Amino acid sequence: MNQVSVRYFAAFREATGIEIEQLQTTAYSPAELFIECAARHDRLQSFSRALVAINDEMTDWDAPIEDGDEVLFFPPVAGG
Amino acid sequence: MKSFEITSEPIDLSAFRRRLLDNACGAYVQFDGWVRDHNEGQEVLRLEYEVYTPLAVKEGLIIIDEAIEKFGIRNACGIHRGGLLELTDVAVVVGVSSPHRAAAFDACRYIIDEVKQRLPIWKKEYYASGEAEWVNCQHCAHPM
């Protein structure tokens, strides 16, 4: 089990009603972690076209998660 | 000169342009993104930008470096707004100066396109109907 922090932004934050949570997880990747989180938060739907960062570095949905990581779930972006 | 910033204050365009002055440059291209009054059939009254500033700045600077490397321009800067914006406000500005115009046009286009796709910035539109929605986020959340 890894201890991780998860941060939700914009539409994801509104869907979960929280900004940050601490979790014990066996998820290997952000993709697996998102699916775990969506099982606990009814309104969290899909990470299709969303971006993810670990410890303030943009990364891939199948990157490995390590103990102590902070995982940032970014809904599809819309700057400009 | 290269820089990328996030601000919650109105952007001073003349000060921005001055940063990019360079005796070796014969071309300056600037792109402003403005808040407009419609999107996908809805009348838009105002916008709100949420920005995750640490990564937006970091990724913005990476894009600026990519443009300098790729197009051989001398200077490139960008500023993106956060917070509440009204119609016609400048939401984003990108400026590029270069010895010649072709590279300046190409680099400016590259930077704004990448900024829109890669920076952790989200736009909420407030509509005349009274509703508000996060743009591009139809599948993020199940409806209430």
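Colleague: How many residues of chain B are in contact with chain A?
Modeller: This is a predicted model. In it, 23 residues of chain A meet the other chain, and the count on the side of chain B is 26 residues.

Colleague: Which element gives the most to the side of chain B that touches chain A?
Modeller: Four elements of chain B each supply at least two residues to that side: α2 (53-71), β7 (90-98), α3 (101-118) and β8 (121-127). By class, the side holds 16 nonpolar, six polar and four charged residues. The element that gives the most, with four residues, is α3(B).

Colleague: Which element supplies the largest share of the largest nonpolar core?
Modeller: The largest nonpolar core has 61 residues. Those with the most contacts inside it come from both chains: Phe12(A), Phe73(A), Phe74(A), Ala107(B) and Ile111(B). The largest share of this core is seven residues, and they come from α3(B).

Colleague: Which residue of chain B does Phe74(A) touch, not counting residues up to four places away in sequence?
Modeller: Within chain A, Phe74(A) touches Phe9(A), Ala50(A), Leu51(A), Val52(A) and Ala53(A).

Colleague: Why is chain A called as compact as a globular protein of its length?
Modeller: Chain A has two helices and five strands, in the pattern β-α-β-α-β-β-β along the sequence. The globule rule gives 12 Å for 80 residues, and chain A is close to that, so it is as compact as a globular protein of that length: its radius of gyration is 12 Å.

Colleague: Which are the edge strands of the open sheet in chain A?
Modeller: The open sheet has five strands with mixed pairing, in the order β2-β1-β5-β3-β4. An edge strand pairs on one side only, and in chain A the edge strands are β2 (20-25) and β4 (57-59).

Colleague: What is the bridge partner of Val4(A) in β2(A)?
Modeller: Strands of a sheet pair through backbone hydrogen bonds, either parallel or antiparallel. Strand β1 (residues 2-8) of chain A and β2(A) run antiparallel, joined by six bridges. In β2(A), the bridge partner of Val4(A) is Leu23(A).

Colleague: What angle does the direction of helix α2 of chain A make with that of β5(A)?
Modeller: Helix α2 (residues 30-40) of chain A packs on the sheet. The helix touches β1, β2, β3 (51-54) and β5 (70-74) of chain A. Its direction makes an angle with that of β5(A) of about 75°.

Key: Residues are numbered from 1 along each chain as its sequence is written. Chains are lettered from A and ligands numbered from 1 in the order in which they are written. This is a predicted model: local features need pLDDT of at least 70, side-chain atom pairs count only at pLDDT 80 or more; totals for chains, interfaces and linings use all residues. Two residues are in contact if their C-beta atoms, placed from the backbone, lie within 7 Å. Ala, Val, Leu, Ile, Met, Phe, Trp, Tyr, Cys and Pro count as nonpolar, Asp, Glu, Lys and Arg as charged, and the others, Gly among them, as polar. The radius of gyration is taken over C-alpha atoms; the globule rule is 2.2 Å times the number of residues to the power 0.38. A nonpolar core is a set of buried Ala, Val, Leu, Ile, Met, Phe, Trp, Tyr and Cys residues joined through C-beta atoms within 7 Å. A residue is buried if 20 or more other C-beta atoms lie within 10 Å of its own, exposed if 12 or fewer, and partly exposed in between; C-beta atoms are placed from the backbone. Two strands pair if DSSP finds at least two bridges between them. Axes are lines fitted to C-alpha atoms, for helices over the stretch in contact, and angles run from 0 to 180 degrees between N-to-C directions.
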